Amino acid sequence: MNKIRFPKSPFTKKMTYLLFLFFTPICLLYGQNKTIDSLLLSLSKQNSIYQQVDTYNELAWENKDIDIIKALNYANKARHISDSLNYKDGYLTSLNRIGAVYINEHRYKEASVIYKEVLLLEEEKKDTLGIARTQNNLGIIYKGLGDYNTSIKHAENSFILFETIGNEKFMAMAANNLGSSYKNLGNYKKAQEYYLKSLSIKENLGNTKDIANSHLNLGGFHEELENYELALSHLKKSETLFKNLKNNLSLSKVYNSFGIVYEAKADLDKALNYYQKSLDLKNHNNIDVLYNNMGIVYEKKNDLEKALNYYQKSLDIKKQNGLNTSAEVYNNIGNLMLRQKAYQKALDYYHKSLNEAQQNNQPTAQLPVLRNLIRTSNILKEYDKSVSYNTKYNALRDSIESSYKNAFELRVLYEEEKKRGVLLEIQQANLAKIAANNKQQRTLIIALTGGIFLLSLIYYFSKRVSKQKASIDDLIKDQEIKSINTMISTQDSERKRIAKELHDSLGIKLSVVKIHFKTVEEHLEQLDTEEINNYQMANNLLDDACEEIRKIAYDMSSGILSNFGLSQAVQDLVTSIETANQIDIEYVDHNLEDRLDSKVELNVYRIVQELVSNILRHAKATEMTLQILRNKEGIHVMTIDDGVGFNSKRVTKGMGLQNIQTRVEELEGELNIDSRKGNGTTITIQIPIDE
């Protein structure tokens with residue numbers, strides 16, 4: 001919460017604060033009221049009806065941030081009078097005033113109707129600037145409605161038109177809108193391209209407010225890419241600039257973004273503090289988002305009642321304003337229902353979330369919902385649905401990740417282009433100077449041509465060497481895979497050999513010892529009590545040794561696997577782990593009654609062992625789900641844990657993951673890892689089989 005500190009007594013502090021609250025609105029409104037009073041005075045003296053229309057439009061503009069009802073009343077007066085007079089300019093201005101109020105109030109559906117009419121009128125006038133501004137406003141409207149493809153279409157048209165007429169300020173604004181819409185679509189490459197383009201234009205123009213907005217947008221962008229320190233760096237720049245401008249409306253958005261970053265970093269108290277700071281600035285345009293974000297924090301703090309209350313507040317505001325951007329809120333409420341084991345309610349909310357995200361073409365909003373549908377389907381033992389959701393999830397995630405990876409390369413390319421542009425300008429200036437002062441231009445051209453030829457030769461040989469190096473790298477990689485395959489095969493063979501030795505050699509010898517022990521039982525009555533006790537103890541130890549040898553041989557040769565199949569072997573593994581009381585495991589299998597090829601069964605079993613081992617060693621999880629399903633597409637293996645997670649985009653594969661990857665590749669399967677710090681890990685494996 002914002003605190004105003006005064007170095008005075010408690011009573012003086014309180015009175016100063018009350019006076020501050022009382023007089024601040026008056027001071028802020030004084031300048032605006034003076035303008036409004038002046039307009040009202042001139043209105044009473046105007047004889048021309050056309051002048052009155054223009055004044056009504058100006059009054060609408062001055063009131064749009066003070067009194068919405070008055071603003072709309074003035075604009076509608078101007079609209080009706082203009083329409084009766086066929087005063088096209090006045091009519092068009094009145095529509096723009098009404099549309100601006102609707103956008104400020106997030107009444108996007110009503111705004112879209114207004115600006116569609118504006119676009120038709122601007123096109124009739126053939127006013128390029130007017131068309132460009134209207135296209136930009138439609139881009140903002142459709143972004144607010146969650147229709148990002150339509151938003152991009154209008155914003156691109158706007159950008160091209162602004163570029164044509166050389167209006168750099170509006171070019172930067174349109175580029176920023178494009179970056180935001182592309183980010184929401186999951187196209188990070190395009191998003192960063194337009195965000196950086198917008199920032200570059202704004203820095204050239206030197207507009208502080210616009211630069212601050214760009215840093216705010218880049219902060220949100222880098223948070224989504226999990227570049228938290230870079231995100232905080234941009235947000236701090238934005239905060240400083242907006243504080244200097246005394247722009248509380250924008251500062252509220254900055255604090256909201258700070259909260260999102262700290263929530264992602266699991267610093268929940270700091271996140272909540274920033275959300276509250278944003279709320280205290282009374283930025284009502286953003287309150288639905290703030291309530292949802294506060295709900296997320298309270299859920300993570302296990303205060304489920306407060307969490308649900310904030311989610312419902314967010315949902316109510318979105319419905320009141322006609323916003324169809326509720327996919328995340330529906331998903332969050334579904335998670336609460338799932339935690340309370342209200343599975344059907346959870347499914348209802350997840351489906352609402354998925355439908356809205358699909359209708360609005362929001363792929364990044366669909367991913368967490370699909371993951372939750374997989375989890376809920378497993379709990380309800382609806383395995384076919386689980387596999388179907390998982391297939392959709394993997395396909396969608398792969399398409400998003402390709403854009404995600406390209407985004408990092410783009411920053412480097414952007415900086416290189418800037419440097420290349422500077423170098424090119426220098427080279428061009430030098431060449432012009434040489435051409436002007438040097439009469440022997442022909443010699444210069446020949447020298448340059450020779451240089452280019454030499455550079456071409458160098459480039460050719462460097463590429464050839466590069467290809468040879470790549471070829472060598474590929475050979476090394478292939479050799480590493482072969483070595484790992486050989487190691488795995490050798491390990492399996494060695495296990496079987498040792499198991500055979502244990503069973504055939506040591507096992508038989510122990511059996512012989514047991515037979516000899518049996519002969520002693522015929523003469524037990526001749527022994528005293530102490531000797532009988534010693535005999536029974538030795539006999540029990542011998543029984544234990546025989547059993548242990550059988551168990552070791554059984555495990556090493558995958559005895560359960562060989563005799564009873566994959567499902568029973570995994571169930572035996574799960575039971576043995578659960579007896580240690582380290583973790584709760586939910587094991588689910590489906591359609592594994594028929595035996596698989598022995599090689600497939602053995603590899604899948606070893607993969608499962610490695611997956612479970614990794615979770616026990618690294619995840620710090622308390623619960624996990626293990627699922628093995630068989631369908632017409634093959635074998636589907638999945639593990640879900642509630643552990644600490646990791647950044648799956650940057651993880652270096654250790655021996656455990658490398659072994660899993662190698663076995664999956666050997667079976668011509670596909671491995672997918674989905675994890676974020678603090679949010680657990682989901683690993684899915686799809687292995688094709690011949691039926």
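This note sets out points on the structure, from the whole chain down to single residues.

1. Basis of the note. The structure is a predicted model, in which local features need pLDDT of at least 70 and side-chain atom pairs count only at pLDDT 80 or more, whereas totals for chains, interfaces and linings use all residues. Residues are numbered from 1 along each chain as its sequence is written, and side-chain values use heavy atoms, with hydrogens and water left out.

2. Overall make-up. The protein has 25 helices and five strands; helices (H or I, at least four residues) and strands (E, at least two) are DSSP runs, numbered from the N terminus. Of its 691 residues, 43% are buried. Buried means under 20% relative accessible area, exposed over 50%, and partly exposed in between (1.4 Å probe, protein chains only). Among contacts (heavy atoms within 4.5 Å) with a separation of 6 or more, 61% join residues 24 or more positions apart.

3. Helix α2. The 15 residues of helix α2 (residues 49-63) should span 21 Å at 1.5 Å a residue, and the distance of 21 Å between its end C-alpha atoms agrees with this. The expected span is 1.5 Å times one less than the number of residues. The buried residues of α2 include Q52, V53, T55 and Y56.

4. Helices α11 and α12. Helix α11 (residues 228-245) packs against helix α12 (residues 248-264) at an angle of about 160 degrees, and their axes are 10 Å apart. Axes are lines fitted to C-alpha atoms, for helices over the stretch in contact, and angles run from 0 to 180 degrees between N-to-C directions. The two helices are therefore roughly antiparallel, a term for angles over 145 degrees. Residues making the contact include L232, L235 and F242 of α11, and L251, V254 and F258 of α12.

5. Helices α12 and α13. α12 also packs against helix α13 (residues 268-280), here at about 165 degrees with axes 8 Å apart. This pair is therefore roughly antiparallel as well. Among the residues that meet are Y255, F258 and Y262 in α12, and A271, Y274 and Y275 in α13.

6. Residue S314. S314 lies in helix α15 (residues 304-320). Its relative accessible area is 0%, so S314 is buried. Apart from neighbours within four places in sequence, S314 is in contact with D288, Y291, N292 and V329.

7. Residue G334. Helix α16 (residues 327-339) contains G334, which counts as buried because its relative accessibility is 0%. Not counting residues up to four places away in sequence, G334 touches A346, Y349 and Y350. The C-alpha atoms of G334 and V369 are 9.0 Å apart, although 35 residues separate the two along the chain.

8. Positive phi values. K341 is not a glycine, yet its phi is positive, near 60 degrees. K341 sits in the loop between α16 and α17 (343-359) and, at 61% relative accessibility, counts as exposed. N591, also not a glycine, has a positive phi of about 65 degrees. N591 belongs to the loop between β1 (584-590) and α24 (598-619), and its relative accessibility of 37% makes it partly exposed.

Notes. Angles under 35 degrees count as roughly parallel, over 145 as roughly antiparallel, 65 to 115 as roughly perpendicular and the rest as oblique.
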